[in-house]
Amino acid sequence: MIARVQPLTRTRAVRGPFDYRLGPGQEVEVGSLLKVPFGARSSLGVVVELAERSELAPERLAEPEAVLGTGVGADLVRLAGWMAREYCSTPARALALMLAPGAAAGTGAKTALVAELTPAGRDALSAADGVRLTARQRELLDALAGAGPTVAAQLGTEGLRRLEARGLVLLDRRARPRRPARHAVGAASAIAPELTGEQTAALAELQSAMGDPAVRQGHPGFLLQGVTGSGKTEVYLGAVAAALAAGRTAIVLVPEIALTPQVLWRFQARFGDVVAVLHSALSVGERHDEWMRLRRGEARVCVGPRSAVFAPLDDIGLIVVDEEHESSYKHEGDPRYDARTVARERARQHDAVLVVGSATPRPESVVGMTRLRLAQRVDRRPLPAVEVLDMRDRHQPLHPETRMALADLRRAGGKAILLLNRRGWSNFLSCRACGRVWLCPNCEVALVLHRTGSFVACHHCGHREGVPHRCPACASVSVARHGAGTERIEHELREALGEDGFPIFRLDADSATLPARAKTLQRFEAAPAGILVGTQMVAKGHDFPDVSLGVVLDADQTLRFPDFRAEERTFALITQLAGRTGRGALGSRVLVQTLAPDARSIAFAVHHDSDGFIADELTRRQALSYPPYASLIRVVCSAEEEPLARETAASIHAELTGLDAAVLGPAPLFRLRGRSRSQLVVKAVDRQPAIDAVGRAVDQVAPGAARRGAAVSVDVDPQ
Ligand code: ADP
Ligand code: ZN
Ligand code: ZN
């Protein structure tokens, strides 16, 4: 028997699969994980095909060195092949994303020496007479009595061995107990509420698709559009219940579990142990074990962020993508996959129903999918009034109206969320005498002042240096600080509103680790009054029922990016914040500070007019041939020297002549991490031929360019 194996190397030049002859007793299937001799070394590899014979003579074929634990299903092997093509990547890189967590690093099913109290040990603790114990031994037994089975190394294996010899302790090598802690599920209920008319209608559509293969055939999937609080999650729960009842499984993708655990809790409360969770805040071991529960079929619903789209489930009946407008569904490493697109392909392969949901859906989804609507909030509360505050000619970061609203809020003891999409203290520093701006030495971007840490930092490469006090160009000591970031706003709010009984929390990428951020959110939720200041993180899916004021500072900041999605982002940001405001007792209000009060996206957001915005946006995109009317493919070439980056991009461009698509560039991008960059953008109405042509062009040019020190990366559907 011959196994065709894809070695898991990062190199683009290595294109498998390669044939290996299976040795006696080596049982493999498509998807099995092997260790194979590869060149002078050995490599992990995944079986992508089995064959009776090879084109190569048997004596030229090597045998796999070992068959390793659990591989992936044949469906994921197929999906990896599709991804490699769709994202101009390689099957090996796609497969590497799908393996059991830790499998590639060899940290799979970990066992450890686990200590447990025997009944005799328990007796010894309670009736001390007759059993002589040192203080240390008593301590050990106490610890075991309190904690249950414990990894021996944590308590000291030596001492435990002596207790084992006396029959007081059992030592046993076994799988580490590593289930992720189940949270107290709080108000989440195990019982579905009676659905509203709109929810019932939406769920009925999904159920009929789930029940009828003819409906699913070629179906583009459903878009569930409804404001925050309109009951979308309840519809997902109903659809998952239907998938389980039909004996099938389900995947639920969410943007970021650590910051928005409520959704997970609701699934756990409703379905219990059949829910597995995969996310980055878990240890590799925990993720491995959750992954195995899915693989073995013990768990049949997977909730997780974008990588959960690869959950090892069989017979998937439903895939849900919650908050589908979120940019975190796009993966930034190669392959630069979009979990929403992969979800569609996986749903197609499994004959599953795809549902994506949002209050601010992407124009792509509105055009391509069957729309279901939830027009009203479940509690029937109206959306908050949104007011625009013109910041032109103002020199303070907070508008007087905002200050007043915050002071009122403090007096009334309410809660507010302030959103400013810029971290740090001030966004750039310049010399008052000669105008010099402090730039990152590695990237062509301004350094941002972080006052609490007294340093300036590059938000692209992480470079840090001390706060400058003197201009290196003209020796002036007068350094101006421009603009305000979250750090400065937090400081100003503290100064203005004091702290006692009115806490001010900050949430951004600077505010410590993910768990620490989750804790900040919990503290804000628990506080009866206070303010949460932060970057767009604060508008992501958290559901605080008692926030009565939302403020967006510098709302047009996103508009200043040269990006065709700028309007969409700005609209989503304001609308999402509005959706999270005003379900409390103190009425509700959203203030939008901006330098561009007339921007379309802001005007539509003021009127909560999603449909108007989308219609307008679609007209504009059609005129400019942007998605969904064309696909974009971005090719970025980088090198230490600018000419090499540009030449590489030009060579790829040359390979694309004859392609029926607009190829823009090479255009210079700002230097990043010490490398010059040059970019091509392909705009194609005919998606697949363009992807294939770019893939071929890159394969032509990249290996030679790599030898000269240039790197090429391809981004299909860039964000
Ligand atoms: P969304 O996902 O659109 O933000 P949710 O499903 O979270 O909306 O619903 C908002 C709130 O209303 C939640 O607290 C939820 O438990 C509750 N809810 C949803 N549907 C119903 C219903 N039919 N009856 C009563 N409460 C509901
Ligand atoms: Zn100067
Ligand atoms: Zn930098």
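**Close-up views of a predicted model**

**Figure 1. Surroundings of the cis peptide bond at Pro335.** Pro335 is placed in the loop that connects β13 (316-321) with α11 (339-350). The model shown in this and the following views is predicted. The peptide bond between Asp334 and Pro335 is cis, with omega at about -5°. Most peptide bonds, by contrast, are trans.

**Figure 2. The cis peptide bond at Pro666.** Gly665 and Pro666 are joined by a cis peptide bond with an omega of about 5°. Pro666 belongs to strand β28 (residues 662-672).

Figure 3. Most residues other than glycine have a negative phi. Asp351, although not a glycine, has a positive phi of about 55°. Asp351 is found in the loop between α11 and β14 (353-358). Its relative accessibility of 31% classes Asp351 as partly exposed. Asp554 likewise is not a glycine, yet has a positive phi of about 50°. Asp554 is located in the loop between β25 and α16 (566-579). With a relative accessible area of 17%, Asp554 is buried.

**Figure 4. The open sheet of six strands.** The strands are arranged in the order β16-β26-β25-β17-β24-β23, and their pairing is parallel. The edges are taken by β16 (385-390) and β23 (504-507); each has a single partner strand, so one side of each has no neighbour in the sheet. From one strand to the next, the twist averages 15°. Within the sheet, strand β25 (residues 547-553) runs parallel to strand β26 (residues 589-594) and is joined to it by four bridges. Leu549 has Arg589 of β26 as its bridge partner.

Figure 5. Strand β25, which four bridges join to β26, is among the strands touched by helix α13 (residues 400-412). Helix α13 also touches β16, β17 (415-420), β24 (530-534) and β26, and its direction makes about 150° with that of β26. Helix α15 (residues 514-526) packs on the sheet as well, in contact with β17, β23, β24 and β25. The direction of α15 makes about 150° with that of β23.

**Figure 6. Packing of helices α6 and α8.** Helix α6 (residues 197-211) packs with helix α8 (residues 232-245) at an angle of about 30°, and their axes are 10 Å apart. The two helices, α6 and α8, are therefore roughly parallel to each other. Their crossing is right-handed. From α6, the contact involves Gln199, Ala202, Leu203, Leu206, Gln207 and Met210; from α8, it involves Glu234, Val235, Gly238, Ala239, Ala242 and Ala243. Classed by type, the residues in this contact are eight nonpolar, three polar and one charged.

**Figure 7. Packing of helices α19 and α20.** The axes of helix α19 (residues 642-655) and helix α20 (residues 687-708) are 9 Å apart, and the helices pack at an angle of about 160°. This angle makes α19 roughly antiparallel to α20. The crossing of α19 with α20 is right-handed. Leu644, Glu647, Thr648, Ser651, Ile652 and Glu655 form the α19 side of the contact, while Ala697, Val698, Gln700, Val701, Ala705 and Arg708 form the α20 side. Six of the residues in this contact are nonpolar, three are polar and three are charged.

**Figure 8. Contacts of Ser610.** Ser610 is part of helix α18 (residues 610-624). A relative accessibility of 11% places Ser610 among buried residues. Residues up to four places away in sequence being left aside, Ser610 touches Gln225, Ala359 and Phe571. Ser610 and Ala572, 38 residues apart in sequence, have a C-alpha to C-alpha separation of 9.2 Å.

Definitions and conventions. Residues are numbered from 1 along each chain as its sequence is written. Chains are lettered from A and ligands numbered from 1 in the order in which they are written. This is a predicted model: local features need pLDDT of at least 70, side-chain atom pairs count only at pLDDT 80 or more; totals for chains, interfaces and linings use all residues. Side-chain values use heavy atoms; hydrogens and water are left out. Axes are lines fitted to C-alpha atoms, for helices over the stretch in contact, and angles run from 0 to 180 degrees between N-to-C directions. Angles under 35 degrees count as roughly parallel, over 145 as roughly antiparallel, 65 to 115 as roughly perpendicular and the rest as oblique. A crossing is left-handed if the near helix is turned anticlockwise from the far one by less than a right angle, and right-handed if clockwise. Contact means heavy atoms within 4.5 Å. Ala, Val, Leu, Ile, Met, Phe, Trp, Tyr, Cys and Pro count as nonpolar, Asp, Glu, Lys and Arg as charged, and the others, Gly among them, as polar. Two strands pair if DSSP finds at least two bridges between them. Buried means under 20% relative accessible area, exposed over 50%, partly exposed in between (1.4 Å probe, protein chains only).
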